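Good morning, and thank you for joining this group meeting.

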Amino acid sequence: MPWEISYYQTPHNSQAQPFTYAALTQIVKLTPFLSGEAIQILLTNSYGNYPLTFSELWVSRDSAFKDAVRITKDQQTAFIIPAGQALGMDPIAFKVEAGQPLYFCLRATTPQTYVDVASTYDPSLVNAALSGRSTALPQLTARWQQRKSWFNLAGFRVWRAKQAPLVELAGDSLIETGMVPAAVGRHLLTEFLDQVALINTAISGSQLLRDATTTTPLLATFGDSLLHRVAHSPWRPKVMVASTGGNDLLIPPLAGQPLPTIKELQTGFMELDRLVAQNGGALLVPTLGPKRTPQAAYGAGQARANLLRTELNQWLLTQPYAVDVTSSLADEAGYLAADCDFGDNLHLSPYGGQQLAQALFARLDQILQNE
């Protein structure tokens, strides 16, 4: 009976924009996609230059932690995550039900700097709250417009009798913000309950082709390119949904690099398809979203990107792995529809995330049903 990942979210490297607290309590809600009779929690300090010390870790099925169970490492309640490493906590007998949220409380009582950071905006399946006091119990909120971040907790796996295929959501901030994962997650929990695991490996600002420049702290958080990450990934997904390519059209000029050509992007998508197939999986690429108004975010650069976006989408739709989501998100003028817009004319609202995900479901279900 194997261990199977039930929820995982890739931490971002925030060395360039670290978070320092004199003390810390964080509450994290994660929704399992697979049931099991035991649980093992995964913590990371992958990007940290110093070990991190925590005084306690609890897991509960209740947001008020009324039935909390303490998690140990080598039978010790306090533990250290070494610099540059991941840490599997002691497994415990703890029944996990797919679709029933779990709540984690992680405390630190000494001043520390945290750089392994994960986040979401959509709180329906994943949520988090932080406090700078070690005795607090911060309250989770339901405001989707507010970013909710947490540190060092990457996910957990469960002990179960049956293996399950993996769906990986990869790419950039259209995934990382949580709107699309929440919609895809609800669908999987309805149509494939306890049959499919879901992981989120997206990184805000990520490009398809190029690793992030370190010229500014913000750009440095964008991480390695998607091609780089997939080529070195431990995951072997049955399906990878990769929202990518849009940042390649905008970010290089800001970093003083030449804009990639359409041909280079086409070659990149074909290489991504090859890498996923090499690992035994199928790739699904949503077309890049609708045009953004020239006033949004990047000014004249946005107008140029809109032209390239249209050309790249036309080519993508000739590829077997591409799915047209653009029309589902656009208004009559071809711009991002107001009800799909997060409010920055770049990202998606929960409704926009649902619309994008809905366009994927037929292809996604067909692949999973053939498992």
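How many nonpolar, polar and charged residues does the lining of the second largest pocket have? Let me come to that after a word on the source. This is a predicted model, in which local features need pLDDT of at least 70 and side-chain atom pairs count only at pLDDT 80 or more, while totals for chains, interfaces and linings use all residues. Residues are numbered from 1 along each chain as its sequence is written, and side-chain values use heavy atoms, with hydrogens and water left out.

I turn to the pockets and cavities. Both are found on a 1 Å grid over the protein atoms alone: a cavity is a set of points where a 1.4 Å probe fits but cannot get out, and a pocket is an open set with protein on both sides within 12 Å along at least five of seven lines. Lining residues have an atom within 4 Å of a point. Grid points are joined across faces, edges and corners, and a volume is the space filled by probe spheres set on the points.

The second largest pocket has a volume of about 560 Å³. It is lined by 27 residues, and T10, Y47, I203, R229 and P234 are the closest to its centre. To answer the opening question, this lining has 13 nonpolar, 11 polar and three charged residues. Here Ala, Val, Leu, Ile, Met, Phe, Trp, Tyr, Cys and Pro count as nonpolar, Asp, Glu, Lys and Arg as charged, and the others, Gly among them, as polar. Helix α4, residues 226–231, contributes the largest share of this lining, four residues. Helices (H or I, at least four residues) and strands (E, at least two) are DSSP runs, numbered from the N terminus.

The largest pocket has a volume of about 860 Å³. Among its 43 lining residues, S173, S204, G205, N247 and H347 lie nearest the centre. At least two lining residues come from each of β14 (116–120), α1 (173–176), α3 (217–220) and α5 (251–254). By class, the lining of the largest pocket comprises 18 nonpolar, 19 polar and six charged residues.

The largest cavity holds about 130 Å³ of space, and Y7, V126, P181, A182 and N200 lie nearest its centre among 16 lining residues. Strand β19 gives the most to this lining, with three residues. The second largest cavity, of about 30 Å³, has a lining that includes Q207, D211 and F222.

Which strands form the open sheet, and in what order? Its five strands follow the order β8-β7-β12-β4-β15, with antiparallel pairing; two strands pair if DSSP finds at least two bridges between them. β8 (69–71) and β15 (126–131) stand at the edges with a single partner strand each, so one side of each has no neighbour in the sheet. Between β7 (residues 56–60) and β8 there are three bridges, and V59 stands opposite V69 in β8.

Finally, the cysteines. A search of the whole structure finds zero disulfides, a disulfide being a pair of cysteine sulfur atoms within 2.5 Å. Are C105 and C340 buried or exposed? C105 counts as buried because its relative accessibility is 2%, and C340 is likewise buried, at 1%. Buried means under 20% relative accessible area, exposed over 50%, and partly exposed in between, with a 1.4 Å probe and protein chains only.
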